[in-house]
Amino acid sequence: MIGPGAVGFTPIIQPFPTGTFMFVQGIISADRRYVRLNVFPFFFQLGEVFTYTTNLGAVGGGGGLLGGGGGGAQNTPVTLQFPIMATTTVLTTVNVPDGGTVLLGGVKRVNEGRTEAGVPILNKLPYVNRLFKNVGTGRETQSLMIMVTPRIIIGEEEEELQGAAL
């Protein structure tokens with residue numbers, strides 16, 4: 001139980017999606033020869049995670065965690081994390097013949113980085129630091145290609161094929 005005037009909090013613990021996820025919706029044409037595909041790829045990337053420590057929690061005094069009730073409750077440090085997520089999504093619609101394959105491309109990611117190293121004190125001095133430090137830059141490029149092949153399956157025809165096979 002939390003005592004009168006006490007402040008309590010409930011942390012939200014949840015997983016964050018990372019990587020590539022895709023939802024596809026298919027609509028069959030009236031003549032059953034083509035499929036219209038609505039493709040929704042989602043790209044999730046975990047960025048920086050900010051960590052914040054505070055003394056919001058109190059332990060002791062017969063109230064358990066965040067205990068109220070008098071009797072020497074102590075503040076204990078609580079660490080909270082706030083992740084920054086980079087989310088990219090694309091919506092595209094394409095008509096494909098039954099059994100045909102569509103190639104979706106053009107999704108490109110570039111990560112760049114810069115690193116500096118040098119002699120501890122001399123690399124901070126203006127003008128002189130150029131002689132005592134090393135700067136490196138790097139670039140990583142990723143290209144993603146998605147292939148989708150729709151197949152129209154008609155229930156009655158499949159049942160006939162299964163019955164003929166038995």
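This is a predicted model: local features need pLDDT of at least 70, side-chain atom pairs count only at pLDDT 80 or more; totals for chains, interfaces and linings use all residues.
Let's start on the inside. In soluble globular proteins, nonpolar side chains tend to be buried together. Here, the largest nonpolar core has ten residues: Val35, Leu37, Val39, Val96, Val102, Leu104, Ile146, Val148, Ile152 and Ile154. Strands S2, S5 and S6 each give two or more residues to this core, and S2 supplies the largest share, with three.

Setting aside neighbours within four places in sequence, Leu104 is in contact with Val39, Thr92, Leu144, Met145 and Ile146.

## Salt bridges

Now for the charged side chains. Side chains of opposite charge can pair when their charged atoms come close. How many salt bridges does the structure hold? There are two.

One of them joins Glu112 and Arg139, with their closest N and O atoms 2.9 Å apart. Glu112 sits in strand S5 (residues 102-118) and Arg139 in strand S6 (residues 133-148), so this pair ties together parts that are 27 residues apart in sequence. Are these two residues buried or exposed? Both Glu112 and Arg139 are exposed.

The other salt bridge is formed by Arg114 and Glu116, and here the closest N and O atoms are 2.9 Å apart. Arg114 has a relative accessibility of 57%, so Arg114 counts as exposed because the cut-off for that label is over 50%. Glu116, at 46% relative accessibility, counts as partly exposed.

## Two positive phi angles

Finally, take a look at the backbone. Most residues other than glycine have a negative phi, and most peptide bonds are trans. With that in mind, find Arg32 in the structure: its phi is positive, near 60°, and it is not a glycine. Where is Arg32 placed? Look in the loop between strand S1 (19-28) and strand S2 (34-59). With a relative accessible area of 48%, Arg32 is partly exposed.

Although Tyr127 is not a glycine, its phi is positive, at about 70°. Tyr127 belongs to the loop between S5 and S6, the two strands that hold Glu112 and Arg139. At 72% relative accessibility, Tyr127 counts as exposed.

Note on methods:
Residues are numbered from 1 along each chain as its sequence is written. Side-chain values use heavy atoms; hydrogens and water are left out. A salt bridge is a side-chain nitrogen of Lys or Arg within 4 Å of a carboxyl oxygen of Asp or Glu. Helices (H or I, at least four residues) and strands (E, at least two) are DSSP runs, numbered from the N terminus. Buried means under 20% relative accessible area, exposed over 50%, partly exposed in between (1.4 Å probe, protein chains only). A nonpolar core is a set of buried Ala, Val, Leu, Ile, Met, Phe, Trp, Tyr and Cys residues joined through side-chain atoms within 4.5 Å. Contact means heavy atoms within 4.5 Å.
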